[in-house]
Amino acid sequence: MRQVAATLPSEGMQHVPEIVQANIFLQYGDPEAAAALLSPRDPELQEIGNSDHNAAYGLLLLQLGRVDDAIALLEPEYATAEYDGAAMNMGSRLALAYAAAHRPVDALRVVGELQERDGGTYHDRLLALWA
């Protein structure tokens, strides 16, 4: 994957292998290993793969106990997500962050909104259920 991604014209797509690897580390509960692959990015950056990066980074912040920082990153990303995939990706992590912040009304609101959408991955729906 890394060899193919390195040849892609989009710089954002060139970072997809690191995002995938970071998500694997996050699923294992190893935020330090994920942090070695991810760095903060401007949420306003209009680049392919940026929302996937920010979703992973938001989950990383949660695992590091930086709940308020995760919410600050994920809220605007979720609010501007136009497509089901991006909305499910951001929303599931945002709902989990709200739950961690002891904001059950917000968490359940987002989960309810996600239930009205199609798409998303099994992992997105699993995170929403955890929230």
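Which residue forms a salt bridge with Arg109? The partner is Glu113, with the closest N and O atoms 3.3 Å apart.

## About the model

This is a predicted model, in which local features need pLDDT of at least 70 and side-chain atom pairs count only at pLDDT 80 or more, while totals for chains, interfaces and linings use all residues. Residues are numbered from 1 along each chain as its sequence is written, and side-chain values use heavy atoms, leaving out hydrogens and water.

## A network of salt bridges

Let's stay with that pair. Arg109 and Glu113 both lie in helix 8, four residues apart, about one turn of the helix (helices are DSSP runs of H or I, at least four residues, numbered from the N terminus). A salt bridge here is a side-chain nitrogen of Lys or Arg within 4 Å of a carboxyl oxygen of Asp or Glu, and by this rule there are seven.

Glu75 and Arg103 form another, at 3.8 Å from N to O. Glu75 belongs to helix 6 and Arg103 to the loop between helix 7 and helix 8, so the pair ties together parts 28 residues apart in sequence. Arg103 also bridges to Asp106, at 2.8 Å between the closest N and O atoms. Glu75, Arg103, Asp106, Arg109 and Glu113 are linked in a network of salt bridges.

Now for helix 5, residues 50–63. Eleven of its 14 residues are buried, so the helix is largely enclosed by the rest of the structure (buried means under 20% relative accessible area, with a 1.4 Å probe and protein chains only). Among the buried residues are His53, Tyr57 and Leu61. Just after helix 5, Gly65 takes a positive phi of about 80°.

Note on methods
Helices (H or I, at least four residues) and strands (E, at least two) are DSSP runs, numbered from the N terminus. The expected span of a helix is 1.5 Å times one less than its number of residues. Buried means under 20% relative accessible area, exposed over 50%, partly exposed in between (1.4 Å probe, protein chains only).
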